[in-house]
Amino acid sequence: MSYLAAGVIAFGMYLLYDLNSFTWKNRILHTFFLIGSVILAVSTAVCFMTLVKAYGPPVWRIVIFGALAVSQAALLVYTLFFALPFEKTYTRLEENPPVYTEGVYSLCRHPGVVWFFFLYLFLALLTGQRLMMAVCICYSGLNVLYVWFQDRVTFRRTLSGYEAYQRETPFLIPNGKSICKCAGYFRTVEEDGDEI
């Protein structure tokens, strides 16, 4: 139960971080995204390690679902911290920066939610335990509610051009057009890299 409570606290901190971005603009509350992320990561790691030590999943589960979980964790970290301009996104309290629509953000408006869900799903399948599946469902549900709030309230107030982005790009589930756009972006980046 404490793991689920940690998720509620972490997502509550995310919500305060968002509210702060267009209301109070307090520097302490601006750190809540980072603090919430640490709470979520530590809670997940402790829950996962406790279950692995207690139940010792078979090697095939560790190899298959471990590799899949690592791939999703890498995508999540890339999407949140490397695909976006880090300083503008997380450290400055800049007024209405332009929305970022390239790369994974052309796939859907909140690609991190997709990687987040699959990360927790693969961790649950790795452990084979109901508690980890409950954590997956709880954290993923809270994440969807959080990005829905961002999509309807926060980003409309804090990012210029967000409403046009909403019209052009799917919310969570990529479609054929958005997949082609994303693939085209990375193909262009790869070609530009080959020329250097």
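Modeller: Here are some questions and answers on its helices and on a few residues. This is a predicted model, in which local features need pLDDT of at least 70, side-chain atom pairs count only at pLDDT 80 or more, and totals for chains, interfaces and linings use all residues. Residues are numbered from 1 along each chain as its sequence is written, and side-chain values use heavy atoms, with hydrogens and water left out.

Colleague: Thanks! How far apart are the end C-alpha atoms of α3?

Modeller: Helices are DSSP runs of H or I with at least four residues, numbered from the N terminus (strands are E runs of at least two). The expected span is 1.5 Å times one less than the number of residues. The 24 residues of α3 should therefore span 34 Å, and this agrees with the distance between its end C-alpha atoms, 32 Å.

Colleague: Is Gln72 buried or exposed?

Modeller: Gln72 sits in helix α3, residues 59-82. Buried means under 20% relative accessible area, exposed over 50%, and partly exposed in between, with a 1.4 Å probe and protein chains only. Gln72 has a relative accessible area of 11%, so Gln72 is buried.

Colleague: Which residues does Gln72 contact, beyond its neighbours within four places in sequence?

Modeller: Contact means heavy atoms within 4.5 Å. Helix α5 (111-127) is included in what covers the buried residues of α3. With those sequence neighbours left aside, the contacts of Gln72 are Trp115, Phe118, Leu119 and Phe122.

Colleague: How are α1 and α6 oriented to each other?

Modeller: Axes are lines fitted to C-alpha atoms, for helices over the stretch in contact, with angles from 0 to 180 degrees between N-to-C directions. The axes of α1 (residues 2-22) and α6 (residues 130-158) come within 10 Å and cross at roughly 5°. Angles under 35 degrees count as roughly parallel, over 145 as roughly antiparallel, 65 to 115 as roughly perpendicular and the rest as oblique. That crossing therefore makes α1 and α6 roughly parallel.

Colleague: What is the relative accessible area of Lys25?

Modeller: Lys25 belongs to the loop between α1 and α2 (32-55). Its phi is positive, near 55°, in a residue other than glycine. Lys25 counts as partly exposed because its relative accessible area is 32%.

Colleague: And how far apart in space are Thr127 and Lys53, C-alpha to C-alpha?

Modeller: Thr127 lies in helix α5 and is buried, at 4% relative accessibility. In sequence, Thr127 and Lys53 are 74 residues apart; in space, C-alpha to C-alpha, the distance is 9.7 Å.
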